[in-house]
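Thank you all for coming; I would like to walk you slowly through one structure today.

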Amino acid sequence: MPIRTPVVVEIDRKTWLVQEYGLDCCYALLGERSGLLIDTGCGRMNIKALAARLFEGRPYQVVLTHGHSHHAGGAGCFEKVFCADTVQNAVRDEALSPDFIAPAYEGEDFLPECLPLYTGDEFDLGGRVVVCVRTPGHTAGSCSFYDRQSGIAFVGDACGRELKANNAVSDMLTGLMNLKRMAPGLDRLYPGHISYTDYRGMPASVLEDAICACRAALAPDGHRYHVDGKVVFRGVSLEYTKKWADMEPCSPYPPGI
């Protein structure tokens, strides 16, 4: 029997994972004053109504880890979203069909106002602060969000056991190193896709393994780590189309990242 309603799991105090029919995951964080919704799903569920219920009627803001359709597809339900990728470009690039997005957008304007995100931007929810870290690589504008209270980093598709670098691997490495630096109390990572059977998240060690996988891909003898066309390091699989993408090598902390 197909799953017809999103599955909502409280993974930490006032912190919920929303599993959208096995397609993707969104996250809702509630502080003493306001809430933060991380990603909006692909547009098949009424994420706006669900957020209002989880946030108990309190004000909240919406942020996107990146602009791919299965993470930003529900953004049109909201007037404003924070996003480093532009939702407009993502929708055009993904070529979404009207029947795919119709359930979420009925009676709504399709594209929201997009507000910029930068490393170091903070969302003070009252009693808990969430900081943005630009983690490019999967997309040029990928962002992660570190909750200092719980020690959880919500990483979208920027980090995990299966990585796909659509941009330069060097950029992915820089972003992951920045995340490590800015999340000294990191306890767990929650990605943009997770199975129905395991809601515990990933241990912090996965971040270090992902960093090592990027370094292995960039190493002169990186072919030693290739298995079936992918770099494999300590259980982390990294697939990439280009190492440098005709870009200058990144400094340890490049401007604007």
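Let me start with a term: a residue is called buried under 20% relative accessible area, exposed over 50%, and partly exposed in between, using a 1.4 Å probe and protein chains only. By that rule Cys77, at 3% relative accessibility, counts as buried.

What you see is a predicted model, in which local features need pLDDT of at least 70 and side-chain atom pairs count only at pLDDT 80 or more, while totals for chains, interfaces and linings use all residues. Residues are numbered from 1 along each chain as its sequence is written, and side-chain values use heavy atoms, with hydrogens and water left out.

Staying with the cysteines, a search of the whole structure finds zero disulfides, a disulfide being a pair of cysteine sulfur atoms within 2.5 Å. Cys42, which is buried at 1% relative accessibility, has its closest cysteine sulfur in Cys26, and the 8.6 Å between the two sulfurs is too far for a bond.

Now to the helices and strands, which are DSSP runs numbered from the N terminus, helices being H or I with at least four residues and strands E with at least two. In helix α1, residues 47–54, the buried residues are Ile47, Leu50, Ala51 and Leu54. Why do they lie on the same side of α1? They cover an arc of only 100 degrees around the axis, the arc being that of the directions from the helix axis to the C-beta atoms. Among the elements that cover them are β1 (7–12), β2 (15–20) and β5 (60–63), where contact means heavy atoms within 4.5 Å.

Next, the backbone. Most residues other than glycine have a negative phi. Lys14, in the loop between β1 and β2, has a positive phi near 55 degrees and is partly exposed, with a relative accessible area of 25%. Asp39, in the loop between β4 and α1, has a positive phi near 75 degrees, but Asp39 is buried, at 2% relative accessibility. Just after α1, Glu56 also takes a positive phi, of about 55 degrees.

Finally, there is an open sheet of six strands with mixed pairing, in the order β8-β9-β10-β11-β13-β14, where two strands pair if DSSP finds at least two bridges between them. β8 (122–124) and β14 (202–203) stand at the edges with a single partner strand each, so one side of each is left without a neighbour in the sheet. Strand β13, residues 188–191, runs antiparallel to β14 and is joined to β14 by two bridges, and Leu189 has Met202 in β14 as its bridge partner.
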